[in-house]
Amino acid sequence: MILFINTCVRPASRTLWLAQRVLERIKGDREILEIKPDNTPLDYSMLEYRTKLSEREDFSDPLFNDAKIFSEAEEILIAAPFWDLSFPAILKNYIEAINIVGLTFKYLPDGQPLGLCKAKRLIYVTTAGGKIFNEAYGYGYIKDLAENFYGIPIVKLIKAEGLDIIGANVTEILNDAEKNIAL
Ligand SMILES: Cc1cc2nc3c(=O)[nH]c(=O)nc-3n(C[C@H](O)[C@H](O)[C@H](O)COP(=O)(O)O)c2cc1C
């Protein structure tokens with residue numbers, strides 16, 4: 001199963017368009033599970049409740065469903081527009097929901113995280129109005145999580161930039177980005 005995490009907000013999203021081009025190339029005959037995350041930020045009572053359950057390793061509550069699905073996926077595709085040097089907050093809320101000790105990762109005695117996810121590859125698709133002059137807060141953050149927490153060895157970025165620059169030929173930029181998809 002390919003888990004397609006669609007965090008695009010605008011109905012005519014260019015990021016979603018590019019992600020769909022990636023999906024066409026990778027899907028083969030695999031099932032695609034597309035989700036549009038709507039997780040709320042963790043508040044104190046939710047955090048207390050969740051911590052109590054995960055300390056008992058009782059993952060039966062539906063609040064753990066996102067983490068279970070993420071850890072079981074064969075491959076993961078994230079579509080996220082470049083917002084404020086990063087990505088929409090709904091993706092951060094989703095990450096808070098899936099980072100569960102005992103499901104997506106665990107800690108080794110020396111404090112190092114060990115990934116518990118099955119996926120061998122995570123592909124991150126983004127588009128930006130200007131240039132992505134620093135990847136650290138968007139793709140870089142997801143790549144670090146994938147490699148260091150989830151144990152996903154291959155992490156790829158597919159992007160299109162400069163879409164909102166005055167005079168930009170949006171169709172050409174997107175078509176070039178599609179041609180340059182390297183997986
Ligand atoms: C809330 C918001 C924040 C944005 N922040 C940035 C930014 O920091 N840098 C940038 O180059 N473009 C920024 N943009 C422009 C988007 O990255 C660009 O329009 C992108 O293609 C939107 O993707 P979409 O068509 O999938 O919605 C922002 C757009 C929005 C709506």
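## Salt bridges, to start

A salt bridge here is a side-chain nitrogen of Lys or Arg within 4 Å of a carboxyl oxygen of Asp or Glu. Lys 159 and Glu 161 make one, with their closest N and O atoms 3.6 Å apart.

## Salt bridges, to start

A salt bridge here is a side-chain nitrogen of Lys or Arg within 4 Å of a carboxyl oxygen of Asp or Glu. Lys 159 and Glu 161 make one, with their closest N and O atoms 3.6 Å apart. Elsewhere, salt bridges with shared partners tie Arg 30, Glu 74, Glu 75 and Arg 121 into one network. Keep in mind that what you're looking at is a predicted model.

Search the whole structure and you get 13 salt bridges. One of them joins Lys 118 to Glu 72, whose closest N and O atoms sit 2.5 Å apart. This pair links distant parts of the chain, 46 residues apart: Lys 118 is in the loop between β5 (113-115) and β6 (121-127), while Glu 72 belongs to helix α3 (residues 65-72). Lys 118 is partly exposed at 47% relative accessibility, and Glu 72 is partly exposed at 47% too.

Glu 96 and Lys 92 also meet through their side chains, at 3.8 Å from N to O. Both are in helix α4, four residues apart, or about one turn of the helix. Glu 96 counts as partly exposed at 25% relative accessibility, and so does Lys 92 at 32%.

## Helix α2 and its two faces

Now for α2, which runs over residues 44-55. Its twelve residues reach 16 Å from first C-alpha to last, close to the 16 Å expected at 1.5 Å a residue.

Which residues of α2 are buried? They are Arg 50, Leu 53 and Ser 54. These three sit on the same side of α2, because they cover an arc of only 95° around the axis. The buried residues pack against α4 (89-98). Turned away from that buried side is a face with the exposed residues Tyr 44, Ser 45 and Glu 55. After the helix comes Glu 57, with a positive phi near 55°.

## A nonpolar patch

Leu 42, Met 46, Leu 47 and Tyr 49 make a nonpolar surface patch of about 300 Å². Leu 42 is in the loop between β2 and α2, and is partly exposed at a relative accessible area of 30%.

## Leu 33 in strand β2

Leu 33 has its place in strand β2 (residues 32-35). Is Leu 33 buried or partly exposed? Its relative accessible area is 27%, which means it counts as partly exposed.

Leaving aside residues up to four places away in sequence, Leu 33 touches Met 1, Ile 2, Leu 3, Phe 4 and Ile 69.

Notes: Residues numbered from 1 in each chain as written. Predicted model: local features only at pLDDT ≥ 70, side-chain atom pairs only at ≥ 80, totals over all residues. Heavy atoms only, no water. Expected span 1.5 Å × (residues − 1). Buried < 20%, exposed > 50% of the residue type's maximum accessible area, 1.4 Å probe, protein only. Arc of directions from axis to C-beta. Contact = heavy atoms within 4.5 Å. Patch = residues over 30% accessible without salt bridge, like charges linked within 9 Å, V, L, I, M, F, W, Y side chains within 5 Å. Areas by Shrake-Rupley, 256 points an atom, 1.4 Å probe, with all protein chains shown as cover.
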